[in-house]
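Subject: Structure handover

Hello,

My notes on what was found follow it.

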Amino acid sequence: QLRTLNVELRQRESELIDERNNLEKHVEERTARLAKKSDQLRSASYIARQTAEVQELEGILNTATSLITDQYGFYHTGIFLMNDTGDEVILQAASSEGGKRMIEKGYSFAVGSQGIVGYVAAQKQSRIALDVGPDAVFFNNPDLPLTRAQVVVPLLIRNKVVGILDIQSDKPQ
């Protein structure tokens with residue numbers, strides 16, 4: 001009986017060690033997730049403080065696109081503003097060289113047109129393409145050839161679209 005008891009105690013000890021290791025792993029994973037969220041919040045706060053100091057609209061837009069790209073490591077950030085008639089969004093600020101070329105060309109989307117930006121402007125809802133290749137609504141852009149993922153967010157005031165925030169990554173997901 002002592003041998004049986006000894007075997008059982010060793011088995012229980014092994015189970016406890018496994019359980020402790022699993023708990024430590026979960027704590028490490030949760031700590032890493034919390035650290036990442038903390039960094040993201042710190043970046044968002046920094047962006048808000050920096051843009052609040054700028055007085056003119058063009059400066060605010062350029063500062064915001066640059067800071068979003070720099071703080072989060074994205075490939076491209078662009079801000080489109082709605083035209084006076086409300087039927088088109090026009091790229092006004094961009095962080096990437098390709099985006100700046102697009103501004104020079106007067107790059108715009110008709111509200112409701114094919115493409116994620118036109119879709120979001122019409123639907124007033126964010127859209128995420130985790131991998132733009134298979135996304136049927138994605139419009140291939142030669143000025144941003146490395147785009148693999150995209151998130152487009154409507155900028156709303158009183159449920160009216162005043163602009164679009166377009167963020168693109170050169171990595172999927």
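Leucine 61 is buried, at a relative accessible area of 10% (buried means under 20%, exposed over 50%, partly exposed in between, with a 1.4 Å probe and protein chains only). This is a predicted model, in which local features need pLDDT of at least 70 and side-chain atom pairs pLDDT 80 or more, while totals for chains, interfaces and linings use all residues. Residues are numbered from 1 along each chain as its sequence is written, and side-chain values use heavy atoms, without hydrogens and water.

Leucine 61 sits in helix α2 (helices are DSSP runs of H or I with at least four residues, strands runs of E with at least two, numbered from the N terminus). Beyond its neighbours within four places in sequence, leucine 61 contacts Ile79, Leu81, Gln92 and Ala93, contact being heavy atoms within 4.5 Å.

Helix α2 (residues 57-72) lies across β1 (76-82), β2 (88-94) and β6 (160-169), at about 150° to β1 (axes are lines fitted to C-alpha atoms, for helices over the stretch in contact; angles run from 0 to 180 degrees between N-to-C directions). Helix α3 (residues 97-104) also packs on the sheet, where it touches β1 and β2 and makes about 130° with the direction of β2.

The sheet is open, with 6 strands in the order β3-β2-β1-β6-β5-β4 and antiparallel pairing (two strands pair if DSSP finds at least two bridges between them). Its edge strands, β3 (108-110) and β4 (127-129), each pair on one side only.

Regards
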